Amino acid sequence: MALQHIILTRLNSQESTGYDITKHFRQSRGVDWVAGHQQVYRELAKLEARDAVSHTVYPQDRKPDRKVYKITAKGLEELGDWVKRGQICLHPFRDEISAKILAAQPDDLPHVIQSLENLKDKVEANLKQIQQTNTKWLADKTANSHEIMMKKIVLNRTKAHWESLHDWCNETIFALRAVLIEPNEKPQQHSECNSLSESYFEGTR
């Protein structure tokens with residue numbers, strides 16, 4: 001899936017500036033895509049070069065002119081062709097926390113746990129944002145039932161991803177904390193934690 005198709009999808013929904021599109025990506029917390037300011041403007045230029053989008057300049061007092069983009073008939077045709085394609089690309093999985101865990105030595109476990117706690121905080125923020133996005137989309141009186149259903153499906157998929165990551169963070173933190181407790185010093189209250197740790201790492205010894 002190309003960023004250009006996501007931009008066309010956005011413009012098919014409403015005319016937008018490059019800033020509006022970037023803001024949408026930032027506020028949606030990766031519901032459909034993640035892209036920075038320069039990426040968006042670079043792809044808009046490519047789309048306009050092949051007449052998939054056009055723009056109108058609106059002068060503003062004491063502010064830079066506002067350049068508003070809209071999808072063209074050619075852009076709609078391109079977007080429709082992309083939707084009809086059966087092929088789906090799986091993009092490379094990039095995950096910093098997994099790389100940290102693989103690089104960690106036994107003495108690094110407290111730092112790994114802290115990184116996991118930080119990741120969990122970010123995941124919780126994303127889940128909160130998804131709920132806010134869901135409320136906003138459902139309150140959109142301009143959307144028809146089909147649009148609401150499609151948005152709900154995408155939100156559910158994104159929510160499931162972050163909830164799964166949140167569960168993994170909790171399980172891993174719990175298990176790694178158990179590893180830090182010496183076997184002959186484990187108090188009774190850690191029995192559940194120790195049991196989880198043993199099952200979590202079963203087959204790794």
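The angle between two axes counts as roughly parallel under 35 degrees, as roughly antiparallel over 145, as roughly perpendicular from 65 to 115, and as oblique for the rest. The model is predicted, so local features need pLDDT of at least 70 and side-chain atom pairs count only at pLDDT 80 or more, whereas totals for chains, interfaces and linings use all residues. Residues are numbered from 1 along each chain as its sequence is written, and side-chain values use heavy atoms, with hydrogens and water left out.

**Stop 1: two helices, α6 and α7**

Select residues 109–138, which form helix α6, and residues 145–180, which form helix α7. Helices here are DSSP runs of H or I with at least four residues, strands are runs of E with at least two, and both are numbered from the N terminus. Two packed helices are described by the angle between their axes and the distance between the axes. The axes are lines fitted to C-alpha atoms, for helices over the stretch in contact, and angles run from 0 to 180 degrees between N-to-C directions.

How do α6 and α7 lie relative to each other? Their axes come within 9 Å and cross at roughly 160 degrees; the two helices are therefore roughly antiparallel. The crossing of α6 past α7 is left-handed (the near helix is turned anticlockwise from the far one by less than a right angle; clockwise would be right-handed). The residues of this contact comprise 21 nonpolar, seven polar and eight charged ones. In this count, Ala, Val, Leu, Ile, Met, Phe, Trp, Tyr, Cys and Pro are nonpolar, Asp, Glu, Lys and Arg are charged, and the others, Gly among them, are polar.

**Stop 2: a network of charges**

Side chains of opposite charge can pair when their charged atoms come close. A salt bridge is a side-chain nitrogen of Lys or Arg within 4 Å of a carboxyl oxygen of Asp or Glu, and a search of the whole structure finds six of them.

K120 forms a salt bridge with E117, with the closest N and O atoms 3.8 Å apart. Both residues lie in helix α6, three residues apart, about one turn of the helix. K120 and E117 are both buried (buried means under 20% relative accessible area, exposed over 50%, and partly exposed in between, with a 1.4 Å probe and protein chains only).

The side chain of R177 also meets that of E117 in a salt bridge, at 2.7 Å from N to O. R177 belongs to helix α7 and E117 to helix α6, so this pair ties together parts that are 60 residues apart in sequence. R177 counts as partly exposed, at 41% relative accessibility. Through shared partners, salt bridges join E117, K120 and R177 into one network.

**Stop 3: from a loop to helix α4**

Next, select R50 and E78, whose side chains meet in a salt bridge of 2.5 Å, N to O. R50 lies in the loop between α3 (37–49) and β1, and E78 lies in helix α4 (residues 73–84), so the pair ties together parts 28 residues apart in sequence. R50 counts as partly exposed at 28% relative accessibility, while E78 counts as buried at 19%.

In the loop between α3 and β1, select D51 as well. Most residues other than glycine have a negative phi, and most peptide bonds are trans. Phi of D51, however, is near 65 degrees, a positive value. D51 counts as exposed, at 51% relative accessibility.

**Stop 4: the hairpin**

Select strand β1 (residues 53–60) and strand β2 (residues 63–71), which pair in the antiparallel sense over seven bridges. Two strands pair if DSSP finds at least two bridges between them. Which residue of β2 is the bridge partner of H55? The partner is Y69.

**Stop 5**

Finally, select helix α1 (residues 3–13) together with α4: they pack at an angle of about 120 degrees, with their axes 10 Å apart. The two helices are therefore oblique to each other, and α1 passes α4 in a left-handed crossing.

Then select I21 in helix α2 (residues 18–28). I21 counts as buried, at 0% relative accessibility. The C-alpha atoms of I21 and R10 are separated by 7.4 Å, the two residues being eleven apart along the chain.
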